[in-house]
Amino acid sequence: MKRLALFFLALACVAVSCTPEDVMLRDSLISGNGIWAQKADTPLFSYDENNCQYSYSRDEVVFHLFDDNMSNWLKLDCKGAKLSLGASIQANLEWTTSANVLRLNSVPFELLKIENGLYYFWCSRDNIALRLRADF
């Protein structure tokens, strides 16, 4: 009986520690347009077309967002992955905050949508939504 109680306690701890998928964030990603990057409730990069730039390396499959003075930036390195609708990829994500450079390695993204040069990346594990431009 004690073992059964410990088993259910451990199971409850595992269930509580998992981050639930933020469906509203995912839906906001899909329904909008423009360049956008957010992790849960925290914007990763605030893109303003008057003060920011973007770049995309087709050969390396790397997206960059940066402000005009290069003090704030975001980089998604898809490590040469083939970007196609519905693709599941592992990518490295790096961005600046007011005090640090943060990095997440091997983030599992799904490419939910490709439309008008915009790529819609979603990571349900970490609730990361990226809408990035790749003009060719």
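**Close-up 1. Salt bridges, starting with Glu-94 and Arg-103.** A search of the whole structure, which is a predicted model, turns up 5 salt bridges. In one of these, Glu-94 pairs up with Arg-103, and their closest N and O atoms sit 3.1 Å apart. Arg-103, at 44%, counts as partly exposed.

**Close-up 2. Salt bridges between Lys-113 and Glu-115, and between Arg-125 and Asp-126.** Lys-113 and Glu-115 meet through their side chains in a salt bridge, at 3.9 Å from N to O. Glu-115 has 38% relative accessibility, so it goes down as partly exposed. For Arg-125 and Asp-126, the closest N and O atoms of the salt bridge are 2.8 Å apart. Arg-125 is partly exposed too, with a relative accessible area of 45%. Then there's a network: Glu-21, Arg-26 and Asp-27 are tied together by salt bridges that share partners.

Close-up 3. Nine strands are a lot to track, so here's the order: the open sheet of 9 strands reads 2-1-9-8-7-6-5-4-3, with antiparallel pairing. Strand 2 (42-45) and strand 3 (52-57) are the edge strands, each pairing on one side only. From one strand to the next, the twist averages 25 degrees. Zooming in, strand 8 (residues 118-123) and strand 9 (residues 128-133) run antiparallel and are joined by 6 bridges; Tyr-119 has Leu-132 in strand 9 as its bridge partner. Helix 2 (residues 23-31) lies across strand 1 (36-39), strand 7 (101-115), strand 8 and strand 9, and runs at about 170 degrees to strand 8.

**Close-up 4. The largest nonpolar core, and Leu-83 within it.** This core has 35 residues, and those touching the most other members are Phe-63, Leu-76, Cys-78, Leu-83, Phe-109, Phe-121 and Leu-130. Strand 8 supplies the largest share, 6 residues. In soluble globular proteins, nonpolar side chains tend to be buried together. Skipping neighbours within four places in sequence, the contacts of Leu-83 include Tyr-56, Val-61, Phe-63, Cys-78, Tyr-119 and Phe-121.

**Close-up 5. Ile-35, in the loop between helix 2 and strand 1.** With a relative accessible area of 14%, Ile-35 is buried. Neighbours within four places in sequence aside, Ile-35 is in contact with Tyr-47, Tyr-54, Leu-65, Leu-118, Arg-131 and Arg-133. Ser-46 is 11 residues away along the chain, and its C-alpha atom is separated from that of Ile-35 by 8.7 Å.

Note on methods: Residues numbered from 1 in each chain as written. Predicted model: local features only at pLDDT ≥ 70, side-chain atom pairs only at ≥ 80, totals over all residues. Heavy atoms only, no water. Pairing = 2+ DSSP bridges. Helix = DSSP H or I, 4+ residues; strand = E, 2+ residues; numbered from the N terminus. Axes fitted to C-alpha atoms, helices over the stretch in contact; angles between N-to-C directions. Contact = heavy atoms within 4.5 Å. Core = buried A, V, L, I, M, F, W, Y, C linked by side-chain atoms within 4.5 Å. Buried < 20%, exposed > 50% of the residue type's maximum accessible area, 1.4 Å probe, protein only. Salt bridge = Lys/Arg side-chain N within 4 Å of Asp/Glu carboxyl O.
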